[in-house]
Amino acid sequence: MGHLRRALIFSSLAACPGLLACQGEGERGSRALYELERMSFVPAAPCHIDGYSGPQADCTTPNAILVDLYEVTRGDWLSYFPDRSQGPMRHGWTSSVAAFDKDKLDWPAYFSLPEAQALAEARGMRLPSAAEWIHVAVGRRSQGYPWGYRPWSSVANTLELGLGAPVPVGTFENGRSRPFGCYDMLGNVWEWVSDRVPGYSSPPSQDALTVPGDELASILGGAYNTRRRRTFGSADPYSATTVRFHARTVDRNVVSPSIGARMC
């Protein structure tokens, strides 16, 4: 598996101009290889949420992608944008969850959707679509949780653990998504996607109620301050035809330590 993974990584370097643009002499080239080693290969494949009908249940990935194994960290952010110009205290968050201190560089970074898109562009990457994200989270067997079908405890940083803050990415080995091996697809921080969640999603959160529709965006997966939930479930308890995803609709410009991203 190690040889296959390395072959996929270097074939991706050859095939993807964006990734090649990230390469350079010395430190820049080493950074590109470091990031590629921290990705998972997701082949093109059909993915349908079992038991549900309608286009929102189709999370097929038509093209193969490489996706981050981990949520983008604060150290990753500072590698590209050394100045965290927004300033965490400006948003009313405590330094215990908001600081970009040296002892928190392996915590998930947080940023608005435009900032996430700027970082993705700097990395020669992009944000996953909602369908791609869901595909990686549920696998081709459309399991209810990233790790499988049962609601195991202590395998994700959600409200039930009571930590009250993010934790270093990759902490929960038993919570990895199957079969793609991505960490923290439930809990730790919500994750931006490039488009709106297909079909039904939760109504806008309070901070988005007065925002024009084209300024709204979707986040997926829950966070350290939300309860453990299945990646998908029935939107109507009396009907199993419409699927509801563990998603929220928010202002695309909101900044919160509970919202980050992974990229592909």
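Colleague: Which residues of helix α6 are buried?
Modeller: This is a predicted model, to begin with. In α6, which runs over residues 113-122, the buried residues are Leu113, Glu115, Ala116, Leu119 and Ala120.

Colleague: Why are they on the same side of α6?
Modeller: Because their directions around the axis cover an arc of only 160 degrees.

Colleague: And what covers them?
Modeller: The cover of the buried α6 residues includes α4 (74-80), β3 (190-192) and β4 (216-220).

Colleague: What follows α6?
Modeller: Glycine 124, with a positive phi near 75 degrees.

Colleague: New topic. How many residues are in the largest nonpolar core?
Modeller: There are 29. Ile49, Ile134, Leu220 and Phe245 have the most contacts inside that core. Two or more residues come from each of β2 (65-68), α7 (130-138) and β6 (239-245). α7 gives the most, with 6 residues.

Colleague: Where is the other core, and which residues are in it?
Modeller: It lies apart from the largest one and has 27 residues, among them Ala109, Ala116, Leu127 and Val254. Ala116 is also one of the buried α6 residues.

Colleague: Back to Ile49. What does isoleucine 49 touch?
Modeller: Leaving out residues up to four places away in sequence, isoleucine 49 touches Ala57, Cys59, Ile134, Val138, Ser142, Phe232, Val243 and Phe245.

Colleague: Is histidine 135 buried or exposed?
Modeller: Histidine 135 sits in helix α7 and counts as buried because its relative accessibility is 0%.

Notes
Residues are numbered from 1 along each chain as its sequence is written. This is a predicted model: local features need pLDDT of at least 70, side-chain atom pairs count only at pLDDT 80 or more; totals for chains, interfaces and linings use all residues. Side-chain values use heavy atoms; hydrogens and water are left out. A nonpolar core is a set of buried Ala, Val, Leu, Ile, Met, Phe, Trp, Tyr and Cys residues joined through side-chain atoms within 4.5 Å. Buried means under 20% relative accessible area, exposed over 50%, partly exposed in between (1.4 Å probe, protein chains only). Helices (H or I, at least four residues) and strands (E, at least two) are DSSP runs, numbered from the N terminus. Contact means heavy atoms within 4.5 Å. The arc is that of the directions from the helix axis to the C-beta atoms.
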